[in-house]
Amino acid sequence: MENPKPHGKSYNKWLGDQAKPSHRELLRLAIDQALAQKPADLDVLFQLLREDGCEVSKRGKSYRLKLPGWDRAARLDSLGAGYTLDDLLAVLSGQKEHTPRKKTTAQAEPPKVNLLVDIQAKLQAGKGAGYVRWAKVFNLKQMARTMNFLTEHNLLEYAELADKAAAATAHHNELSAQIKAAEKRMAEIAVLRTHIVNYAKTREVYVAYRKAGYSAKFRQEHESEILLHRAAKDSFDNLGVKKLPKMKELQAEYAKLLEEKKKNYAEYRHSREEMRELLAAKANVDRILNMEAEHDAEKEKDHGQR
């Protein structure tokens, strides 16, 4: 065949970064977010997924997941390496670390204010003339973006810019502290729920063990139950639990913390971007003012030498 036409790209490749993520990609992301909350076991992991709107069902030995807006469920073992049932059980038991799969899609973002390049420092580090030309153009663009940012946000006074940057940093740090505190408590609740269940299941065995005078023979026959019971009691002591809370109360507290975390995390992402742009804009203004001061000093020096 003469002059064959090249094969066209697939629709997803043609779309590139704007391709819609698949159901399985979204499920992997949901699992990543649930695992980040350090669930104690598979039941807690599935509960976190359900709280995020994911349907979890089981057919035979296979678990199936489905997110809102999708017609068909996907088998857990079809999500690929790192997301099979065996992989998740290994992560939950602490035998391995979970590594989220890299996103295959990326959203295009508008240009942001970036820090100006210190050209003199780069020259001293051995950068050549080509880099200098690029850096000069880059700095001009960043100066323009910085001025546009300041104008759009009506930050035309330096003191106001500095105050706004400091306030944005403080707000971002406060949200970060709140999220970390919620995550810590949620992890405690997950561990506590597991140990409460184990404590209740093994209580009668341990009472019998105590009545038997801590018999070595009895311990050998019921070692797993005794170890679980003692691990539960040690956990209660470490968490400072004097009276065991009710599971319903723990579930309600966990749900409240999860809701607060979701709300704070959405605001956290926004505050992080706001803080970064404000700090970059302030740093650029500082650098421009310093460059102007150096330039004025050089002119004054030259004038004095004449």
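In this predicted model, the axes of helix 2 (residues 23-35) and helix 3 (residues 42-51) come within 9 Å of each other and cross at roughly 120°. Axes are lines fitted to C-alpha atoms, for helices over the stretch in contact, with angles from 0 to 180 degrees between N-to-C directions; helices (H or I, at least four residues) and strands (E, at least two) are DSSP runs numbered from the N terminus. Helix 2 and helix 3 are therefore oblique to each other, the term for angles that are not under 35 degrees (roughly parallel), over 145 (roughly antiparallel) or 65 to 115 (roughly perpendicular). A30, I31, A34 and L35 of helix 2 make the contact with L45, L48 and L49 of helix 3, where contact means heavy atoms within 4.5 Å.

Strand 2 (residues 62-66) pairs with strand 3 in the antiparallel sense over two bridges, and R64 has R75 in strand 3 as its bridge partner.

Aromatic side chains form seven pairs in the structure. The ring centres of Y206 and Y209 are 5.7 Å apart and their planes lie at 65°, so this pair is edge-to-face. Rings of Phe, Tyr and Trp (its six-membered ring) pair if their centres lie within 6.5 Å, with planes under 30 degrees apart counted as stacked, over 60 as edge-to-face and the rest as tilted.

Residues are numbered from 1 along each chain as its sequence is written. Local features need pLDDT of at least 70, side-chain atom pairs count only at pLDDT 80 or more, and totals for chains, interfaces and linings use all residues, while side-chain values use heavy atoms, with hydrogens and water left out.

Note on methods
Pairing = 2+ DSSP bridges.
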